[in-house]
2 protein chains.
Amino acid sequence: MGKMHLCAFLQHGIINHVPLMWAHPRDKVGYDFAKPQYWQDLARILERGRFDAMFLADVLAPYGVYKDSIETTVKYGVQFPVHDPMLVVPVAALATEKLGFGVTISTSFEQPYLVSRRLATLDHLTNGRIGWNVVTSYSPNEFKAMGHREMIPHDERYDKAEEFLDVCFRLWDSWEPDAVLKDRENGIFADPAKIRSIHHEGKYFRCSGPLPVMPSPQGRPVIWQAGSSERGRDVAAKYADSIFTIQPSARAMKAYADDLRSRAKRFGRNPDDLKILFGVQVIVGETEEAAKAKQRAIMEMIPFEAALTLLSGHIGFDFSRVDLSQPFAHLDVNGIQNYVNVYGNMQDKTLTIGEAARIHGISGGSPVVVGSPEQVADQLEYLFREGGGNGFNIRATYVPGCYEEFVEWVVPILQKRGLFRKEYGGNTLRENLLDD
Amino acid sequence: MGKMHLCAFLQHGIINHVPLMWAHPRDKVGYDFAKPQYWQDLARILERGRFDAMFLADVLAPYGVYKDSIETTVKYGVQFPVHDPMLVVPVAALATEKLGFGVTISTSFEQPYLVSRRLATLDHLTNGRIGWNVVTSYSPNEFKAMGHREMIPHDERYDKAEEFLDVCFRLWDSWEPDAVLKDRENGIFADPAKIRSIHHEGKYFRCSGPLPVMPSPQGRPVIWQAGSSERGRDVAAKYADSIFTIQPSARAMKAYADDLRSRAKRFGRNPDDLKILFGVQVIVGETEEAAKAKQRAIMEMIPFEAALTLLSGHIGFDFSRVDLSQPFAHLDVNGIQNYVNVYGNMQDKTLTIGEAARIHGISGGSPVVVGSPEQVADQLEYLFREGGGNGFNIRATYVPGCYEEFVEWVVPILQKRGLFRKEYGGNTLRENLLDD
């Protein structure tokens, strides 16, 4: 088993997944998130903690599922607004040397040519520290914002994603590594024979030409994918260098990891090349009691409607239309099975819909790891050893405080146990995340 | 007459418009342009010189007009590669406090929703220093790269640009300035009644929703437009805060400025609100002789085929197909009239096609201002007073050296003459470029 890998699961927005954290007395997101200094401070903390990467999720448009409206999304700032994540990467990169960056870009709305150019540009500007979280988008309001009358059906989104990735790969590979000559004496910049135009005519995209970017340090960015459906898992197993997924327990993690690795094998890949990261919500205190008090305080802060708004948005089902005192597990809604697996039973108790929503507000479907630094390290070690993955994407509460605590209190314990790196092994994200 | 405004006309690429400058002994572009430090150094120089903005042009794909191939474009690095310009803005902004940024984005290939989000995000990250150079794209290879079988016809590109801008304006205006409450006590982030979703169904775009970005310092970015055709001039006069155009002489500048101002008036605008910047190529030396020697050396460096590649790309006509010893003015090619006006006669001499191409290599259609610091200041003052514009977009030769020289030698003279600011008047680009 290799070392543990750690990312910070963030957004360039008013909250980082947990509603109302902008109002937490220790949160700086609500005040500074749109300014570069905030991102530089945060990046320095994560690099001090030897994190693999800052993982920037994205939500393109406000959820409008709860009460068929964006009202509560806007009112409570439930993952709204979210500014463009890509643009803070060069800023955070300037404050660091080894920390990587995962940036989310959907394959449902843009052309591969410009996206591949942006990512290659970022690979230069970060000196080889860029990764791409490839998503296909699931929120109806994102499709409406982008001019679609209807959402692209699920499996078709993945077909489109595959073609999108194929075009990007061909573009990134369109320059031979030694194409650039910079022969000043003869005035020759590059050897045209070593820069091959691609000519793609597919079902969803057409593209002609070479990449308009010099070969970048990593050549291709690290590819992250999620994928929970059958179709999504296959795409992830086929294309991803790393997978980020949310699974509620060590057992579910293990089942997911085994499944993805066997799929990777079917695609002719070495299953160990697939680095699987699981989402975990960490709440650490100096003592167990302090951590539990912190958790209670955070859960009490979250307005119930904000939690319902978030859950409705994630599931695509309007929870204002049901009796919240009913068991969550009895809900019979298309596509809800994954969430029922998470919230149907928890801590050996059948949760009501209302209880499930409250927990979703803080966990987003991930395990919530609460305790003293030693206890948190114990639980992470357990999830790491039993879950079959390669590490964790650590969700945020208040930022940057929650990462400062994690880096100061938990990272040294993981390092002492030999689970986590003390120094970066390489300079690029590819080297640090994938080579170990 | 207000003060003179100055921008630096740049690209995030291997050259800044003049071919082969990457090979000039004083050029750093060819070596460092893909790295953040280069952009920070350059931004500091421009801010020291009190420039309004770094103006980042863009070329999305290599020219393929000359010999119907990209071969010479690639070989000589003729505006190829060009990396994404938007991504260096946050980097350069971090090194400066008042310098503005003009970033080029075409309205022919993307959706207004994501573009308006990016620009608003940049307005936050730069603290109100972002401008958008709105272009419609003219190079066939850009359309091929982006999946179009054929170019969108000229006037239709402008129809699309108008609709694109309308949607962006409505999105930027979708939050009332006091919509954000951040009421921590009651957990209320924003007043939903003050964030209005737009519902646009147009000929080219559909878009529903509010802007997913908090109101930014400038609200709307500064809008730059070029526009030389009838249709293009109308769009510029209607929408632009500032116009960047290339005109070969004071007389042509004056005619252009008068025309644009009278069009602006027809659209119900105060014509003085339109800030018109003209492209100028400056070559300054400590003495007239030194400057002329420098100019000769630069022109001799440019491979003839590179100049022909650039001219062919700009005009959309393959100059490998004509006798280069013929007069340029006798060329009868659709859409070439603007260029014939520039290169047909120069310095009272009828230029051959070959001579015109060589001059295009260094001037790109702009006046070339060569001389000692006093002489350059004299010529700029002349073009400023007689040309009827509000300032200049200074083209580059070797970078950052040519701007260092300009800032050190020419700017103090312009300041002493009372033509150019000694200190920035405001903090935002809008304040500095438009309020004076």
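About 6,600 Å² is buried between chain A and chain B in this predicted model, and carbon and sulfur atoms give 64% of that area. On the side of chain A, the residues that lose the most area to chain B are A:Leu87, A:Arg117 and A:Arg184, which together make up 10% of what that side buries. Chain A brings 75 residues to the contact, and chain B brings 75 residues.

The rule finds 8 salt bridges between chain A and chain B. One of them joins the side chains of A:Asp84 and B:Arg118, with 3.6 Å from N to O. Among the elements of chain A, helix α5 (residues 112–125) gives the most to the side that touches chain B, namely 8 residues. Sorted by class, that side of chain A holds 45 nonpolar, 15 polar and 15 charged residues.

How are the two chains placed relative to each other? Chain A is superposed on chain B by a rotation of 180°, with 0.0 Å of shift along the axis and an RMSD of 0.0 Å. The two copies are therefore related as by a two-fold rotation axis. Of the interface residues of chain A, 100% are also interface residues in chain B, so the copies meet through the same surface.

A compact globule of 436 residues would have a radius of gyration near 22 Å, and chain A agrees because its value is 22 Å.

Some backbone features remain. Most residues other than glycine have a negative phi, and most peptide bonds are trans.

| Cis peptide bond | Omega |
|---|---|
| A:Val399 to A:Pro400 | about 5° |
| B:Phe80 to B:Pro81 | near -5° |

A:Pro400 lies in the loop of chain A between β15 (391–395) and α15 (401–416). B:Pro81 is in the loop of chain B that runs between α3 (71–76) and α4 (89–94). B:Lys67 is not a glycine, yet its phi is positive, about 55°. This lysine, B:Lys67, sits in the loop between β2 (53–56) and α3 of chain B.

Notes
Residues are numbered from 1 along each chain as its sequence is written. Chains are lettered from A and ligands numbered from 1 in the order in which they are written. This is a predicted model: local features need pLDDT of at least 70, side-chain atom pairs count only at pLDDT 80 or more; totals for chains, interfaces and linings use all residues. Side-chain values use heavy atoms; hydrogens and water are left out. Contact means heavy atoms within 4.5 Å. Buried area is the accessible area (1.4 Å probe) that two parts lose on being put together, summed over both. A salt bridge is a side-chain nitrogen of Lys or Arg within 4 Å of a carboxyl oxygen of Asp or Glu. Helices (H or I, at least four residues) and strands (E, at least two) are DSSP runs, numbered from the N terminus. Ala, Val, Leu, Ile, Met, Phe, Trp, Tyr, Cys and Pro count as nonpolar, Asp, Glu, Lys and Arg as charged, and the others, Gly among them, as polar. Copies are superposed by least squares on the C-alpha atoms of residues with pLDDT of at least 70 in both. The radius of gyration is taken over C-alpha atoms; the globule rule is 2.2 Å times the number of residues to the power 0.38.
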